[in-house]
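Open the model in your viewer and keep the selection tool at hand. The tour goes stop by stop, saying what to select and what is there.

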Amino acid sequence: RSVQSAVAMDFKDILWLGDERLDERNRGRIRGLKPEQHRQLFPASYEKMRADPLHWIPPGGESIVDVAERWRSFYDDISDLSSTVIVGHRDQIWAAMQPLELLNNDELLAVNTDEIHNAQIIHYTSLNPDTGEQAPTLMWKRSVDPSQPEASAGWQILPHVAERYGMVA
């Protein structure tokens with residue numbers, strides 16, 4: 001599905017590469033189930049998901065913490081690139097926020113994943129949107145949602161990243 005989304009963006013002269021660390025979260029045997037079906041077929045899994053969504057592992061699947069670790073590894077490998085476009089879906093985007101924004105588990109858990117929509121673009125940059133100056137790492141974020149333009153947000157500095165680099169958030 002991500003490849004279909006990427007192709008639809010129609011970037012010119014872009015080399016698209018796949019990386020298994022960016023694969024969708026493996027939801028195992030609950031993949032495609034509605035919440036009620038999950039609750040009925042796998043009641044213990046459903047209760048664990050409700051109690052600890054970051055560490056919950058779907059039957060035969062992987063946790064958000066596992067996905068975030070894959071993302072951390074990927075980000076370490078691409079951190080020196082000047083530009084990259086990464087396409088993913090809700091669980092992948094949610095997990096990526098941890099290494100990209102330096103969130104701890106409690107902060108990641110506080111993210112309202114219902115606010116991550118289909119076709120939404122979360123844009124991170126190391127270029128100061130006001131001055132064009134290059135920062136040492138990804139420092140700013142904005143959200144663009146073509147299906148809900150009124151919900152799109154302007155640039156925000158990433159507070160934990162700014163703090164790590166001695167910048168004012």
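Select helix 4 and helix 5: helix 4 passes helix 5 in a right-handed crossing. A crossing is right-handed if the near helix is turned clockwise from the far one by less than a right angle, and left-handed if anticlockwise. Helix 4 covers residues 64-78 and helix 5 covers residues 90-101; their axes come within 8 Å and cross at roughly 60°. That angle makes helix 4 oblique to helix 5. Angles under 35 degrees count as roughly parallel, over 145 as roughly antiparallel, 65 to 115 as roughly perpendicular, and the rest as oblique. The axes are lines fitted to C-alpha atoms, for helices over the stretch in contact, with angles from 0 to 180 degrees between N-to-C directions. Helices (H or I, at least four residues) and strands (E, at least two) are DSSP runs, numbered from the N terminus.

This is a predicted model, in which local features need pLDDT of at least 70 and side-chain atom pairs count only at pLDDT 80 or more, while totals for chains, interfaces and linings use all residues. Residues are numbered from 1 along each chain as its sequence is written, and side-chain values use heavy atoms, with hydrogens and water left out.

Which residues of helix 4 and helix 5 make the contact? From helix 4 they are I64, V67, A68, R70, W71, R72 and Y75; from helix 5 they are D91, Q92, W94, A95, A96, Q98, P99 and L100. Contact here means heavy atoms within 4.5 Å. Sorted by class, this contact has 10 nonpolar, two polar and three charged residues. Ala, Val, Leu, Ile, Met, Phe, Trp, Tyr, Cys and Pro count as nonpolar, Asp, Glu, Lys and Arg as charged, and the others, Gly among them, as polar.

Next, select W71 and F74. Both lie in helix 4, three residues apart, about one turn of the helix. A search of the whole structure finds one aromatic pair. W71 and F74 form that pair, which is edge-to-face, with 5.6 Å centre to centre and 80° between the planes. Rings of Phe, Tyr and Trp (its six-membered ring) pair if their centres lie within 6.5 Å; planes under 30 degrees apart count as stacked, over 60 as edge-to-face and the rest as tilted. Are the two residues buried or exposed? W71 has 5% relative accessibility, so it counts as buried, and F74, at 8%, is buried too. Buried means under 20% relative accessible area, exposed over 50%, and partly exposed in between (1.4 Å probe, protein chains only).

D19 and F74 are 55 residues apart in sequence and 8.3 Å apart in space, C-alpha to C-alpha. D19 is partly exposed, with a relative accessible area of 24%.

In that loop between helix 1 (2-9) and helix 2 (35-41), select W16. W16 is partly exposed at 36% relative accessibility. Its C-alpha is 8.9 Å from that of V85, 69 residues apart in sequence.

Now select G88, in the loop between helix 4 and helix 5. The C-alpha atoms of G88 and R25 are separated by 9.9 Å, and the two residues are 63 apart along the chain.

The last stop is L102, in the loop between helix 5 and helix 6 (105-110). L102 has a positive phi of about 55° although it is not a glycine.
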